[in-house]
Amino acid sequence: MPDKITIQVGANPIHIETGKLAKQADGAVTVQLGETIVIVAAVAATNAKPGQDFFPLTVDYREKAAAAGRFPGGYFKREGRPTEKEILTSRVIDRPIRPLFPKGWYNEVQVQSILLSADGENDPDVLSILGASAALTVSDIPWDGPIGALRVGRVNGTFVANPTHAQMEQSDLDLIYVGTAADHLMFEGAAKEISEADFLSALEFGHQMCQTMIAAQKELAARAGKSKRTITLNVVPDDILKEAKSLAGDRMVPALLIPKKLEREAAVKALTDEVALKLTEKFGEEKITEFLVKDAFYYLQKEAVRKLILDNGKRMDGRRFDEVRAISCETSVLPRAHGSALFSRGETQALALTTLGTTEDSQEFDSYTGGASEKQFILHYNFPNFSVGETGRISGPGRREIGHGALAERSLEPMIPLKDFPYAIRVTCEIMESNGSTSMASVCGGSLALMDAGVPLRKPVAGISVGICTEYNQQKQIGRYQLLTDILGWEDAFCDMDCKLAGTDKGLTGFQLDLKLSGLPHKHMVEAVERARVARLHVLEEMAKVLAESRKELSKYAPRILTLKINPEKIGALIGPGGKNIKKIVDESGCEINIEDDGTVMIYSTNEEGMKIARREVEKMTSEIEVGKTYRGRVVSIKEFGCFIEVFPGQDGLCHISELANFRVKQVEDIVKMGDDITVKCIGIDEKGRVRLSRRAAMEERDKEMAKKN
């Protein structure tokens, strides 16, 4: 039978229901906030695949156009490959639930979330995280939940739980927070230079809100949940692990202390191969599989790294725990890019390129859930195999690359005055070398490349990652621990946290927390945030030595922009039938021209002469006749009482016969003929908009000017 709970978080209640849909899944729930509804279903395989040597968790989120009462775009009118938003939402569901599965359990698990209804005000991403927790909690799948999840905004200085899109437009914080009953588990988002103290307060606010959600899920599981299944964990047998330790002896630590990454990896691999051969000789090929060796040496490396840090007070590259690796920066490294920068931090290196385009180059996308449907600033992150000295499949960007790019993008965007800088902006970050936190290197390199391009950043932005190495006591709480500033790749792999914090010298603009732990107490997060602040200021100082602020001039290869304001009623005349007029101007000038609904005309060109041509033609087509100004016009109609003169396309006025000359004119044709170009002055416009022109007044004005010169 269906069972339902209601949770009051924020202004509107959240409803979670199970037992109605997807009843053959191991666990399934629907989650509703307002009129936004998602279904989340979880299924785990009954057995691990033969030879499986990792935990195969797949999380997939999809949006259906029907949820918003719309047809999908495209020829086939059917949803296809996942969009960037769907990929990012899948990642944000995956990251908090993954560390809560049992270590050594390798049965395949799939968690799928589908948007069923979208009201355009409540975003389904946090509902999907909450739904994944509830589905796993009521299922028989082993999982150490439940967890709570919500979006935290701040409007007029007050934190808001699960704000609507309308409220988010007024918010200076966009925080997705996930917590357990005791600790922080995951967060990500962006802010407009929020202070560290306020950011920590936001985490505490989010954690408090999670407690109601966790209690409600436990109640639902008690009423409608299944008993957890019995599982078998894949672990290295004690006798083989003991022998591997004995064979490796005391050679692991010296190998780990080799400063250079590739040399260190080669030394560990040589030791692994040697020990694997001896294990095979002793226990036989049937027992000593590739998986067993891999698992055993992962354990040995992890144990050695953690002892090195906690017992010996050392890091693999010899740095202090609060020390940032050596930084070097260069700008204008590529001659044709509109802006470029090379940022290196130890063995992590990012090459960033900035490209400026017209607002027509902005990225448009379907938005079924509300919020923005266009991006004026885009950051793309690429991670080629050679950056880690490896070969592998070469394809389009994967989920990790899209996620890292999104983190760097939201970290930089708050500092770009998009409303006052009418360009589409694209930053591409190409990772040239990787050994820890390339996403934060992309923030630093991207900031320098934007300033190099002349994008008027409000302030430079830098990012840094802080890790933690922990040891649990008998009470299953963190006892000894050590924070690690600017973590290496292996410190990320063998330790417990990757906390990325980006911002200016004033406050935070982007953040993301990933844990291998089941949670991190708030007091440790306070220390990590302060450690990151100090390191970020150091990185900003190093960046400022190369480029402290945006260049005053754009690259000579970047398009220049001229902004004109016309009467919105003239837009149709400027465009012309079927776009005839605007196409003609574009062809003659070689410029790109964008026209906004409010009458703003933006002319983009890398050619000064082309810019002049485009401006002249736009003004000629859209200018309005003003009293007191002199114009050159063409006679388009002759009457007994005067002639009509077209001053601008579609705009003419009457030059009465008495205004044709400074003497009495008997016939209009004595002075002008059809098609003549003459100079006239506007001497009046009546209430009905009828224009009065005077050739006589223009002649008198000309004579006065000549007299002054003489």
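A polar contact here is a pair of N or O atoms within 3.5 Å; within protein, one must be able to donate a hydrogen and the other to accept it, and residues adjacent in sequence count only if both atoms are side-chain atoms.

## Ground rules

This is a predicted model, where local features need pLDDT of at least 70, side-chain atom pairs count only at pLDDT 80 or more, and totals for chains, interfaces and linings use all residues. Numbering runs from 1 along each chain as its sequence is written, and side-chain values use heavy atoms, with hydrogens and water left out.

## Arg-325

Let's start with Arg-325, which sits in the loop between α8 (290–310) and β11 (327–331). Helices (H or I, at least four residues) and strands (E, at least two) are DSSP runs, numbered from the N terminus.

What does the side chain of Arg-325 join in a polar contact of 2.9 Å? That partner is the side chain of Asp-486. The Arg-325 side chain also reaches the backbone oxygen of Asn-435, at 2.8 Å. Leaving aside residues up to four places away in sequence, Arg-325 touches (heavy atoms within 4.5 Å) residues including Asp-317, Arg-345, Glu-347 and Leu-488.

## α14 against α15

Now for a helix pair: the axes of α14 (residues 580–589) and α15 (residues 608–622) come within 8 Å and cross at roughly 155°. Axes are lines fitted to C-alpha atoms, for helices over the stretch in contact, and angles run from 0 to 180 degrees between N-to-C directions. That makes the two helices roughly antiparallel (over 145 degrees).

Key:
Angles under 35 degrees count as roughly parallel, over 145 as roughly antiparallel, 65 to 115 as roughly perpendicular and the rest as oblique.
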